[in-house]
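Welcome! Please take a moment with the sequence and the 3D view before reading on.

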Amino acid sequence: MTAPTASGDGYKSASVAYKDKSKPTDIRLSNINAAKAVSDAIRTSLGPRGMDKMIQAGNGEVTITNDGATILKQINVIHPAAKMLVELSRAQDIEAGDGTTTVVIIAGALLNAAEKLLARGIHPTAISEAFQRASTHAVEILTNISTPVELQNHEQLVRSASTSLNSKVVSQQSSLLAPLAVEAVLKVVEPGREGAVNLSDIKVIKQLGGTVEDTELIDGIVFSQRAANLNGPKRIEKAKIGFIQFCISPPKTDMDHNVIVSDYAAMDRVLKEERAYILNIVKQIKKAGCNVLLIQKSILRDAVSDLALHFLDKIKVLVIKDVEREDVEFVCKSLNCRPIASLDHFTSENLSSAELVEEVGIGGNRLIKITGAQNAGKTVTLLVRGSNKLVLEEADRSLHDALCVVRCLVRKRALIAGGGAPEIEVALKLAAIADQTEGVDSICLRAYANALEIVPFTLAENAGLNPIQTVTELRNRHAKGETSAGINVRKGAISDILEEHVVQPLLVSISAMTLATETVRSILKIDDIVNTYT
């Protein structure tokens, strides 16, 4: 009996290179499983009846949220493929602002479908190409079933924002927050440049105290600090506002240098010079006719000294100090002013005017409110209130999602039904396309179509319904031509979702499908992970 020859023995081995086929497969499966684990982690937080996650940071700080992007941002993910899903969620947050949980769940389902197709021996490139075609078809189908929306139709915009808020912790207050979000976005839209609407023109200020119902929209600007001067005016009508970027305090030496004063005469001279230096600045401020002074935050020395505040009190100027560097652009746009970098330029032409500047007390804190600025840019401020820090943070995140939904509608003016209706419709139409296609493409298209059913399946599961029965009935209703039939989570049944006013922007769904498909294609194309030494 001869011994079996080991792999690589024999004369043929010189010409035929040995190739390990199992490694790419193992790497691919490892990537798919890691990404699926991320998807499964946030599946339970989809929809109005989804669960919330409590996230504890290393420093003991706690966050309670069911926003997919927030959860994934804070999860400590090590596997490189799992990180791709975190990036996917962030991309959806930037692109559409909503649907961050949906996009990850769709990606997880597509990877699950791809895993089964790989097990059947289909080449990853073939699956990737077929998924790309399916994604293109899906976008066409979604566009066909959408309904156009007019920006003048305030009610439709509010409904869309309400749908986004209904799945959040602050869903009880959606009837109040949704109109605020719509009003805020419409106020910053520039006619003729609707596509360029920028959410940085909406400043959200969080203020502890009160309840979420006390949230208000202010057509002006709010500073979350009190006036710097104690004895100065607290309310100024017909204000002349100057915004300076230099300090009203005596100059200091560099870090490494010291000034050594050896006698009292020299000390007196230093103090006299400081007083004269500050007095010169204050006189210039008075000469320009300024009565409200904004001072940018300074790192190297005090933005305004006690002596300067004393002089400014005397000439009745309201001082707001420590304006953050990142707020400069917003302040300048809101007040139609230019920051003044040197005393020589502090003239009346460089001041801006406002109807009213006043210090108001809100929730035990003092805030400064500036309203009625002349020739003001299109900016607004949202003052969000909350009884505790966790509620306040979640209200801020929820409002951001609602603002993004309204921005999506301004950019692409079309609505589609919510409640899993578009996903089922796309799944049915793709299955019909798959029947007319031949070969591997047909199998992959059908797998893609089936994967999309994960959204209604998860919605039903999270609402405590029987998911298989619900999805089967939903598929049946769509097969009969009811394109807007969806899962009504509140009633626990299937109904016409458009009549229930559960709507979402077309851009959210299109973005979710295309981004999820792109990520899945990227993961499928990877067949090895190489570590480098840095």
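This report looks at the nonpolar cores and at one strand with its partners.

The model is predicted, so local features need pLDDT of at least 70 and side-chain atom pairs count only at pLDDT 80 or more, while totals for chains, interfaces and linings use all residues. Residues are numbered from 1 along each chain as its sequence is written, and side-chain values use heavy atoms, leaving out hydrogens and water.

Let us begin with the cores. A nonpolar core is a set of buried Ala, Val, Leu, Ile, Met, Phe, Trp, Tyr and Cys residues joined through side-chain atoms within 4.5 Å; buried means under 20% relative accessible area (1.4 Å probe, protein chains only). The largest core has 69 residues, and Ile127, Phe131, Val426, Leu430 and Tyr448 touch the most other members. Helix α4 (residues 100-119) gives this core its largest share, twelve residues. A second, separate core holds 35 residues, among them Leu157, Ala181, Val182 and Val410. Beyond its neighbours within four places in sequence, Tyr448 has contacts (heavy atoms within 4.5 Å) that include Leu110, Phe131 and Met513.

Now to strand β12 (residues 380-386): seven of its seven residues are buried, so the rest of the structure largely encloses it. Val380, Leu382, Val384 and Gly386 point one way, and Thr381, Leu383 and Arg385 the other. Helices (H or I, at least four residues) and strands (E, at least two) are DSSP runs, numbered from the N terminus.

How values were computed
Buried < 20%, exposed > 50% of the residue type's maximum accessible area, 1.4 Å probe, protein only.
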